[in-house]
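Reader: Please take me through this chain, starting with its overall form and then going to single residues.

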Amino acid sequence: MSDRTVSVASHSKLSLDSDRVAVPAADVKRVIETILEHAGCSSSVALEVADHLIDTELCGVESHGVMRVMQYADQFAKGVMNPRVEAVIVKNDRSGDEVDGRGGIGIPAMRLAVDHCVSLAKERGIAALPVRHVGHTGRLGAYAERAANEGCLVIIIGGGGRQNWRQVTPYGGRKALLPTNPFCFGIPGGHQGPVIVDFATSIIAGGWLYAARAAGAKVPFGSIMNRDGALSDDPADYFNGGAILPKGGAMGYGLAAMAELICEAMLGPVTTEVNWFVIAVDASRYREPHVMTNVAEEILAEIRDCPPAEGFKRVEVPGERERRHRDDNLDRMIALPQLTWTAMRERAGRASV
């Protein structure tokens, strides 16, 4: 494999003491597929997950990128997820559609759910369905962009897993009680594509902590606290009984609590990781697509033209940075922390043997 030490100017939240290496995406993809197939995944599932992780990394979203394959392999080995199942669409006992992930990895399940929800919305104007019994679903923005490109407003909400994923302290607290309960919105935008908002309800996504631990890095100070409630930047403090703080204080906490109610009180018991609620609206039911695009572009152009504050080069529209990051990487090179890439290759090497 060809890799070289590089200096990376990225949007990473990791403060590294070690080097990064630039690796061709094709090489990383082969390593991911090898790890997943050895863990028991079918070649089709391994391919879809690898493609999703590679695209996420090329979009600059390192917290949900290729390092996640190590987490997935560990969860398969421990029985947290089942590598030998594939998601299906089923009817619940009230004759509503839902996606049953059957305890497997959530990336193919969420793609199936969003595609099916969009199809129903095209027929009915609006559709909603739950996604149950799934493991990690990857980068939600990828699915929202997919739906928005089909002319739909989409909302994805995850939650209900606090019994197994106590990660975030409530606002004003110092004990981890809630998951990072993400929300994602996508809508057809202007001439540069859809607008995508994808965020955890915590200051930092849990994936950044796993990435930091794997790479021997720090995270932004004040995004986590240790078990005694003192603010920290050391991921070890989180893994040793600490907590992540809610994003925006009371705002993130309120959204996280709402997600728990939607995804457990409303949808029912949680297995594997969390429950999900997907909503899709056919935007063309309200306005002609070309008119919506032109008005959206007027709104977004005005936002982009806002003078940047000190320390910023420009005001960005949500979702455009990821597409630009991907489109500008013509060589399809991925800059990985040296420790992360070494661990991935070693694991793939053991799998090959």
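What follows is a set of questions and answers on this predicted model.

Author: Residues are numbered from 1 along each chain as its sequence is written. The model is predicted, so to speak of local features pLDDT of at least 70 is needed, side-chain atom pairs count only at pLDDT 80 or more, and totals for chains, interfaces and linings use all residues, while side-chain values use heavy atoms, with hydrogens and water left out.

Reader: How many helices and strands does the chain have?

Author: Helices (H or I, at least four residues) and strands (E, at least two) are DSSP runs, numbered from the N terminus. By that count the chain has eleven helices and 13 strands.

Reader: What radius of gyration does the chain have, against that of a compact globule?

Author: The radius is taken over C-alpha atoms, and the globule rule is 2.2 Å times the number of residues to the power 0.38. The C-alpha atoms fill a box of roughly 55 × 50 × 45 Å along the principal axes. For 353 residues the rule gives a value near 20 Å, and the chain agrees with it at 20 Å.

Reader: What share of the residues is buried?

Author: Buried means under 20% relative accessible area, exposed over 50%, and partly exposed in between (1.4 Å probe, protein chains only). Of the 353 residues, the buried share is 51%.

Reader: Is helix α3 largely enclosed or open?

Author: Helix α3 covers residues 68-78, and eight of its eleven residues are buried. Among them are Arg 68, Met 70, Tyr 72 and Phe 76. Contact means heavy atoms within 4.5 Å, and the cover over these buried residues includes α1, α2, α4, α6 and α11. With eight of eleven residues buried, α3 is therefore largely enclosed.

Reader: Which residue just after α3 takes a positive phi?

Author: The phi in question is about 85°. The residue is Gly 79.

Reader: What does Ile 156 contact, leaving aside neighbours within four places in sequence?

Author: Ile 156 is one of the residues with the most contacts inside the largest core. Its contacts beyond those neighbours include Met 110, Leu 140, Pro 182, Trp 276 and Val 278.

Reader: Where is Ala 230, and which residues does it contact beyond its neighbours within four places in sequence?

Author: Ala 230 is in the loop between β9 (224-225) and β10 (231-232). At 38% relative accessibility, Ala 230 counts as partly exposed. Beyond those neighbours, Ala 230 is in contact with Ile 224 and Met 225.

Reader: What is the phi of Arg 102?

Author: Most residues other than glycine have a negative phi. Arg 102 lies in strand β4 (residues 97-104) and, at 45% relative accessibility, is partly exposed. Its phi is positive although it is not a glycine, at about 60°.

Reader: What is the phi of His 133?

Author: His 133 is in strand β5 (residues 126-134). With a relative accessible area of 26%, His 133 is partly exposed. Its phi is also positive, near 55°.

Terms used:
A nonpolar core is a set of buried Ala, Val, Leu, Ile, Met, Phe, Trp, Tyr and Cys residues joined through side-chain atoms within 4.5 Å.
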